Amino acid sequence: MPFFSLHQAQQCFFLYSPKPLSKFPRARTLFFLCSKMSSNSNSLQNYPTSLSPPLPSISKDIELARAMSASSKSSLFGLSRSDILYEDEWLIAVNKPQGIYCDTILASVPRFLSDSAPSDRLCEGNQASTLELHLANRLDRDTSGVMVITKSHKVASVLVKAFTNHKVQKTYVAFCIGSAPKSERITIKSGHGRSKFGAWRVYAAGDVGRKLPGGSIVRDMETTFEVLSINGQQNYKEQSECVKDEEHSIVVEEKAITDVDANKDEILVRAFPRSGRTHQIRLHCQYLGFPIRGDVKYEGVYEWKGRTYDAHELHAESLTFQHPITGFPLLIQAPLPLWASQALQLLTD
């Protein structure tokens, strides 16, 4: 008989010694061990599985360098009149530059308002210091475009509710590198959440509502893409000309199949996110096989045609919503960045 025999019952282990041990000379010894590891392993298997690939190995160092650069730029940043897209007594809309943090924009608003206030208003006191400023929407560090800041708690609550209830229409423009889609318009629906390592990931649409490690749940995520150009070819459409002809719908339930040997195309797309999940457009572009140029976190190329890219090329083009006070429809649009205007210029030449 072996010195130890092992029996398993109801996820517990019994270790039995038929001979007295030196530490226990007066009795044969029975060890009772609860199998917590087995229990934890089984519970982990009940969590949804991420459908996104692991983060690229080069992304960590590049993202760190970009964060340090953004911190340096943000410390020197100040709003100018040319950055302002719209302003009234309740709202101010800004064209956020690439590589600047949202909180930096918010912090720079009081000084801008004070510097731009007429002298008679300055005599009444510092109005900017009494404002209750809030970010109505957030953009990623390297995403440029429309950012709205409210000037009171009341306006903030109304506008945040509009975003939450999908009452705000948003458009983005992105320059992608990958396999060109066969359809002119694509709508993709999936789940969205954090993996056990804390990274944002695509999950199956069927997993929406399920619990993730850490206590969060998988939420729904939906984006429509319109292809504006492929390798400089195809007609550019104004937003008002967008129709649903040739639209292809994808409901994500399994990992994407990508052809690593396929030719890489230059693809300019306009995105219409219905939900507002973190990194939504970037994640969906990655899943569809055409990640955004420069977006190393989600498999976007870092080098392309002999040039390296210090940021991803994604621009918040416009926001359309009902004014929280007047009730009138309001369209706020940011001018296109150089990379987008150059790509569109090729279509008109």
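Helix H7 gives the most to the lining of the largest pocket, with four residues. The structure is a predicted model, in which local features need pLDDT of at least 70 and side-chain atom pairs count only at pLDDT 80 or more, while totals for chains, interfaces and linings use all residues. Residues are numbered from 1 along each chain as its sequence is written, and side-chain values use heavy atoms, with hydrogens and water left out. Helices (H or I, at least four residues) and strands (E, at least two) are DSSP runs numbered from the N terminus.

A pocket here is an open set of points on a 1 Å grid over the protein atoms alone, where a 1.4 Å probe fits and protein lies on both sides within 12 Å along at least five of seven lines; lining residues have an atom within 4 Å of a point. A volume is the space filled by probe spheres set on the points, which are joined across faces, edges and corners. In the table, Ala, Val, Leu, Ile, Met, Phe, Trp, Tyr, Cys and Pro count as nonpolar, Asp, Glu, Lys and Arg as charged, and the others, Gly among them, as polar.

| Pocket | Volume | Lining by class |
|---|---|---|
| Largest pocket | about 970 Å³ | 20 nonpolar, nine polar, seven charged residues |
| Second largest pocket | about 720 Å³ | 11 nonpolar, nine polar, seven charged residues |

Of the 27 residues that line the second largest pocket, the closest to its centre are Arg-138, Leu-139, Gly-276, Arg-277 and Thr-278. Helices H3, H6 (153–164) and H7 and strand E8 each supply at least two residues of this lining. The second largest pocket lies between domain 1 (69–112 + 129–164 + 321–334) and domain 2 (167–234 + 245–311), because both give residues to its lining; the domain bounds come from an automatic or database domain assignment.

Helix H3 covers residues 102–116, and it bends by about 30° at Val-109, with Pro-110 following within four residues; the bend is the angle between axes fitted to the seven residues ending there and the seven starting there.

Most residues other than glycine have a negative phi. Glu-299, however, has a positive phi near 70° and sits in the loop between H7 and strand E14 (303–304). Lys-305, in the loop between E14 and strand E15 (307–308), also has a positive phi, near 55°.

Notes: The expected span of a helix is 1.5 Å times one less than its number of residues.
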